[in-house]
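Here is a friendly walk through one protein model. Have a look at the sequence and the structure first, then read on.

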Amino acid sequence: SDLLHINDNNITFADYMDLEPYFRRRAAGMFTSSAGPLREMKGAMDLIFGFVAPELQAYADDALSKDRMSIVGLLATLDRGIIEAEEVNCESLQKVLAKLHLRLASQLERFVQEQIKGIEQTKLTVKKRKGVVHFMRVFPVFVDRVESQLVNAETLNIRHAVDGYYAQICRA
């Protein structure tokens, strides 16, 4: 990707070969003036790999239709994928994964808000106050299912988001 100048990091062959400053400046000057081929190359890459984003989105939708709780695991996997795409400097993959991550994060937010709404709509009458409220029995199972999807995710963004959602649910 550096050789084809797909990325915006402005590394030239002269930089790789550690040539004299004169050659580095000349190579950098040639690189900045060729914005047209760079744009064409990015357009070609988008055309070639344009099917990836809809396929990933369809995969995520299918997984969520089978089990809505798997959204946490999907987000953890996407976080890892985005980090790996940043490490190898693959902007197009990073952009696709970030877009899907944003979509799934909003769905997770909506899911948590629905859970909080269900908790808040529970009406307690005098007769129902004798035992534990039903969602208190379900909450540990909920936490176990979420935590089973977050193995080795202490450094990921989803870990902080899930901790915040736990706090919101506990407040409710």
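Asn 89 sits in the loop between α5 and α6 (helices are DSSP runs of H or I with at least four residues, strands are runs of E with at least two, and both are numbered from the N terminus). Its phi is positive, about 60°, although Asn 89 is not a glycine. Most residues other than glycine have a negative phi. Asn 89 is partly exposed, with a relative accessible area of 27% (buried means under 20%, exposed over 50%, and partly exposed in between, using a 1.4 Å probe and protein chains only).

Before going further, some ground rules: this is a predicted model, where local features need pLDDT of at least 70 and side-chain atom pairs count only at pLDDT 80 or more, while totals for chains, interfaces and linings use all residues. Residues are numbered from 1 along each chain as its sequence is written, and side-chain values use heavy atoms, with hydrogens and water left out.

Asn 152 also has a positive phi near 60° without being a glycine. This residue lies in the loop between α7 and α8 (157-171), and Asn 152 is exposed, at 62% relative accessible area.

Now for the overall picture. The protein chain has eight helices and zero strands. Buried residues make up 27% of its 172 residues. Among contacts with a separation of 6 or more, 63% are between residues 24 or more positions apart (a contact means heavy atoms within 4.5 Å). The accessible surface of the chain is about 11900 Å², and 60% of that belongs to carbon and sulfur atoms (areas come from the Shrake-Rupley method with a 1.4 Å probe, and for residues only the protein chains shown count as cover).

Helix α5 covers residues 71-87, and its 17 residues reach 24 Å from first C-alpha to last, close to the expected 24 Å (the expected span is 1.5 Å times one less than the number of residues). Its buried residues include Ile 71, Leu 74, Leu 75, Leu 78 and Ile 82, along with Asp 79. Helix α6 (residues 91-120) has 30 residues and should span 44 Å; its end C-alpha atoms are 43 Å apart, which agrees. Among the buried residues of α6 are Leu 97, Leu 100, His 101, Leu 104 and Phe 111.

What does Gln 57 touch, leaving aside its neighbours within four places in sequence? Its contacts are Leu 100 and Arg 103. Gln 57 itself belongs to helix α4 (residues 52-66) and is partly exposed, with a relative accessible area of 31%. Gln 57 and Val 96 are 39 residues apart in sequence, and their C-alpha atoms are 9.8 Å apart in space.

Next, the aromatic rings. A search of the whole structure finds two aromatic pairs (rings of Phe, Tyr and Trp, the last by its six-membered ring, pair if their centres lie within 6.5 Å; planes under 30 degrees apart count as stacked, over 60 as edge-to-face and the rest as tilted). The ring centres of Phe 139 and Phe 142 are 6.3 Å apart with planes at 25°, so this pair is stacked. Both residues lie in helix α7 (residues 134-148), three residues apart, about one turn of the helix. Phe 139 is partly exposed at 23% relative accessible area, whereas Phe 142 counts as buried at 15%. Together with Phe 111, these two form one aromatic cluster.

The structure also holds six salt bridges (a side-chain nitrogen of Lys or Arg within 4 Å of a carboxyl oxygen of Asp or Glu). Here are some of them:

| Salt bridge | Closest N and O atoms |
|---|---|
| Lys 66 and Asp 62 | 3.2 Å |
| Glu 147 and Arg 159 | 2.8 Å |
| Arg 159 and Asp 163 | 2.9 Å |

Glu 147, Arg 159 and Asp 163 are linked in a network of salt bridges. Arg 159 counts as buried at 12% relative accessibility, while Asp 163 is partly exposed at 36%. Lys 66 and Asp 62 are four residues apart in helix α4, about one helical turn.
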